[in-house]
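Trainee: I have a model open and would like to talk it through with you. Could you show it first?

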Amino acid sequence: MQNNYEPALVPPPPLKFTLHQWHLNNRHRFRCSEAQQELADRLLNESKRVCELSTETVRDNKLETDHRLKEKIEDIEFRKKELLRIRKEVLFEIDALLIYKERIMDALSSVKKNALVICEKCLIFREHRLGIDLVCDEVDTELLKECDVVKGAENLLVRILEQTQEQIRRLKATLYYMDHELEDKENNLRIDKHNLTLKETSLNLSIYHGISRLDPSTIELNEWEMQTNNNIIAASKEVNGARPLRCYIDTIIKQAVDDLIGQKSATDGAFRRRIEETKETKMKLELQHSEIMRQAADMKQNITRIEQSIADKECYLALAHTRLGNRCQRPGLELTRDLVETNLVKEVHDLREVVSKLQATMFEAQASLRYLLKTQIQIEEDINVKTNTLKIDEVDCMTLRQSMDYHAY
């Protein structure tokens, strides 16, 4: 039976070095150790220097950053103060223009809803004059002119109102941009003031490990400064434009009111002259009416007297006729043309002429009376016309015109 086994592996004997190699190895170890020590000393010194330098650099950087933050805060506060100053002026101009706008609207309302309506009503009232008094006189001319003046003042006030509204809109737009910038600067100021209070030992500090940039600012400093300057310049421009506008509004309102007052005085003067003229004419007509009535009464009495005279003459004529008729009954030769008959015939002839003249006179008196009565009626109609005209001009129109009150609003 054969034994199956592997032969045992015997390691070779260790390699032996020479004494020279031993000395060389020791010297190499010494040199490496010394080199590492020198390197470590240099690294220690360099690390100390780097740490001291980095500490100084970090401290200097923080001081520089703090200084820049203070400068930035002062710059923001200065610009904010300038914006607030010009914003105060803008607000003052907006408030002032709003007051001026109310003045213009009051003036426009007074002119449009009061003056023009009154002038047009006066023209309509005067269309109800009667007869010959429905004449295109000085009052009509002045009223039409006053309507034109009122419409011109209205158009002028409408234009200046539109300019005022546009200026207010521009000021409010400027105020909007300024408020937006002030809000941004306030937030910026809050952030930088907070950053200025932070120290390296503050709590809640953290290191950012994101991939987005922590300095996304793309606006240059000159652009930032220019934005504020542009807003201040634009606001100053609008303020400087609003101030002369207020002076212009004062001038326009004064001019419009002066024109309206002047034309109102001219129209009122024409009314007064026309009323005085109408009163004078009416008084003359009333005096004439009284005289006509007196003459008509006298003429009636005259006609009555003529009629009585004719009646009296007819009695004498009847007497003469009766006498002639009685003498026609004389007998024979007694029926002679004697002086009695001749005188009776002459008496009849004369009486007929007298009666004829009296009748002609009576016809003229009756015709005159008719004309007097007709004239009386015409004068009464004229007096009524003048009374109606006086009511329209003095009562209706002048009373209505008393409510026309122009002032500087």
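Trainee: How many nonpolar, polar and charged residues are in the lining of the second largest pocket?

Mentor: By class, that lining holds 4 nonpolar, 4 polar and 5 charged residues, where Ala, Val, Leu, Ile, Met, Phe, Trp, Tyr, Cys and Pro count as nonpolar, Asp, Glu, Lys and Arg as charged, and the others, Gly among them, as polar. Bear in mind that this is a predicted model, in which local features need pLDDT of at least 70 and side-chain atom pairs count only at pLDDT 80 or more, while totals for chains, interfaces and linings use all residues. Residues are numbered from 1 along each chain as its sequence is written, and side-chain values use heavy atoms, with hydrogens and water left out.

Trainee: What volume does the second largest pocket have, and which residues are closest to its centre?

Mentor: Its volume is about 480 Å³, and of the 13 residues that line it, Lys62, Thr65, Asp66, Asn195 and Leu198 are the closest to the centre. A pocket here is an open set of points on a 1 Å grid over the protein atoms alone, where a 1.4 Å probe fits, with protein on both sides within 12 Å along at least five of seven lines, and lining residues have an atom within 4 Å of a point. Grid points are joined across faces, edges and corners, and the volume is the space filled by probe spheres set on the points.

Trainee: Which helix gives the most to that lining?

Mentor: α1 does, with 8 residues; helices are DSSP runs of H or I with at least four residues, strands are runs of E with at least two, and both are numbered from the N terminus.

Trainee: And the largest pocket, which residues lie nearest its centre?

Mentor: Lys72, Asn188, Asp192, Leu221 and Trp224 do, out of 25 lining residues, and the space in this pocket is about 710 Å³. α2 gives the most to the lining, with 9 residues, and the lining divides into 6 nonpolar, 9 polar and 10 charged residues.

Trainee: Switching topic, how many helices and strands are there?

Mentor: The protein has 4 helices and 0 strands. α1 has 108 residues and reaches 151 Å from its first C-alpha to its last, close to the 160 Å expected, the expected span being 1.5 Å times one less than the number of residues.

Trainee: What does the C-alpha trace span overall?

Mentor: Along its principal axes the trace spans about 245 × 70 × 30 Å.
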